[in-house]
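Hi,

Here is the model we talked about. Please open it alongside this note; the cavity findings follow below.

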Amino acid sequence: MASSAPNSADRVTFRTQVLARHLHDPARTPPTPLEPSPCLNYSPPELSEKSDFDIREMRRLMDGHHVADRDWLFGLMTQSNLFCPRERGGRVFLSPDYNQSMEQQREMTMRRIEYLLERGVFQGWLTAKGPEAELRKLAFQEVMGIFDHALAIKLGVHFFLWGGAIQFFGTKHHHEKWLRDTENYVVKGCFAMTELGHGSNVRGIETVATYDSSTGEFVINTPCESAQKYWIGGAANHATHTIVFSQLNIHGNNQGVHAFIAQIRDANGNVCPNIRVADCGHKIGLNGVDNGRIWFDNVRIPRENLLNSVADVSPDGQYLSAIKNPDQRFAAFMAPLTSGRVTIAASAIYTSKVSLAIALRYSLSRRAFAITPNGPEVLLLDYPSHQRRLLPLLAKTYAMSFAGNYLKMIYVRRTPESNKTLHVVSSAFKATLTWHNMHTLQECREACGGQGFKTENRVGPLKGEYDVQSTFEGDNNVLMQQVSKALLAEYIAAKKKNRPFRGLGLEHMNKSCPVIPSRLTSSTLRSIQFQTDIFCLRERDLLSRFAAEVSQHQAQGQNKEYAFILSYQLAEDLGKAFSERAIFQTFVDAEATLSSGSLKNVLGLLRSMYALISLEEDASFLRYGYLSPDNAAAVRKEVATLCSELRPHALALVSSFGIPDAFLAPIAYNWIEANSWSSVQH
């Protein structure tokens, strides 16, 4: 049957004619030649972003203490090649070389410590006394953490944990024998508390110290594999001595956890007899710290190596302690962990400052997309969505910076009467500030796009370096449960004795319950009175609910501990409520020190942003009816308005952090020049 379709040759001829007409049609307009668009140029944000407040005064308020000493130490680090200076885009930047092997990073950490030791940085860290000396030490610790978390942690273990244990648990002869040699690094200390089988539950550790009255010695032993000391910073390579936390056994009676001094290496670095040490291996961060594992095979130490300020053992084996209650004795042995939580909380906020300074500076020079045809591309920070990502985190970082300063002050001025407050506040702030830091790092990493993925731009590696803060020196979730448990104890005591609340900031519960207006206007939302009332309302209501729920579980036959465990959801809500209210109060107190003016005005914006973003992010305000749906919507709208009002201050606010250019990253400055072909050749 013949086909009606044209054959193959006809189709080729037809298509050739069509193509020819298309190519040679004289009616078609000739194409215009492509014109190159001008190349992007870096424009420093300082040219267009102006400040209406005193940046130096803001920095003094933020740092709180020892600003000149901090700058001296920043300068000291920029003077040495040990801190890995690199030229990028016409500037020099300092950051650890994470391309080095684990062994090289550890070696560099020790070489940096030796450099700082020779220049007197650690002078008085253990031998000077008083709040001024302690604040100076904390300031230096924060500066070193801005450069490298591993350096700060290595020093923290040596000075704050090993040295702090000798200060707090030891007596005069321990101080005279160990503190100066520790300060001068003649002795290199570590802190052996954590075991493979027990981390947060220190009471359950399995290492045993048995007193031998016939020789006047303690015999320290690792009875099983789960009792090996684990994650001990400094143990793998460098430490010569350690504080060993062990169950004290005297004549077959267990007296609970106590602290002992044991030597693990000789002066030449050789591991001592009956000591076994192994490496914890490569980690997702902090590879400049030599975390190790330790086994004790019936290691004998003199009786004098028991740190005996809390309890002692006589030569004939009598157990002596002025603290008769075992729970109170155990609490006394946890004191060094308070210093760890203080330094961790402060360092977390300085890391948030680093990441926000980098991300916000980048967003003030990087453009993307135009909103009109042939119009200029828009700065990232001029997008409301980008403001919403970063500016609430900036406000939180300001708030938590004031909280960190408050925590440091109650730490350096601590008294036996303030120990409970210090424990609760340090637990709450350590958890809240480190969680905030990890959230901030992730958001800043994403806000920098692909450039945030580069190691040299710092934000990405900092995530791995600081991730550990959520679990060491107290798991954050466990710490927040301890906060709620302490609040519950205060509540029960006040109700049982029919006395007013005193301490922990709970005095607001002695007043009548705050009443929240049915309709929240912008001026109300920004008022200190409303913000105080809503935070206090949430805390007091959650505390009452928590106490009632625990009591209900007990009435149903559960013991107190299990009743608490079953009420974990309210415990989590309460811990957050306490922490955010306490942080807010430190902001209000800092703001109150200023007279009226531009500095106070911008702090008012930041305070309102902190308060309102806390309301928006916590479902408790809706769940328990503290805010109506309409008022929650008003809060959300006000957050967006505050973002637009804070936008003009963004550069000045991160400049107020006082972090030198060298400790930020190439994308915070001329990122085009830093990535130019000439930089590759250089």
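**Cavities**

Pro96, Asp97, Tyr98, Gln100, Gln105, Met108, Thr109, Arg112, Asp148, Ala150, Gly288 and Glu465 line the second largest cavity. A cavity here is a set of points, on a 1 Å grid over the protein atoms alone, where a 1.4 Å probe fits but cannot get out; lining residues have an atom within 4 Å of a point.

This is a predicted model: local features need pLDDT of at least 70, side-chain atom pairs count only at pLDDT 80 or more, and totals for chains, interfaces and linings use all residues. Residues are numbered from 1 along each chain as its sequence is written, and side-chain values use heavy atoms, without hydrogens and water.

The second largest cavity has a volume of about 70 Å³. Volume means the space filled by probe spheres set on the points, with grid points joined across faces, edges and corners. Helix α4 (residues 102–118) gives the most to this lining, with four residues. Helices are DSSP runs (H or I, at least four residues), numbered from the N terminus. The lining splits into four nonpolar, four polar and four charged residues. Ala, Val, Leu, Ile, Met, Phe, Trp, Tyr, Cys and Pro count as nonpolar, Asp, Glu, Lys and Arg as charged, and the others, Gly among them, as polar.

The largest cavity comes to about 80 Å³. Its lining includes Met110, Lys154, His158, Tyr185 and His238. Helix α6 (residues 149–169) gives the most there, with three residues. Five lining residues are nonpolar, five polar and two charged.

In total, the structure holds five cavities of 30 Å³ or more.

Best wishes

Conventions:
On a 1 Å grid over the protein atoms alone, a cavity is a set of points where a 1.4 Å probe fits but cannot get out, and a pocket is an open set with protein on both sides within 12 Å along at least five of seven lines; lining residues have an atom within 4 Å of a point. Helices (H or I, at least four residues) and strands (E, at least two) are DSSP runs, numbered from the N terminus.
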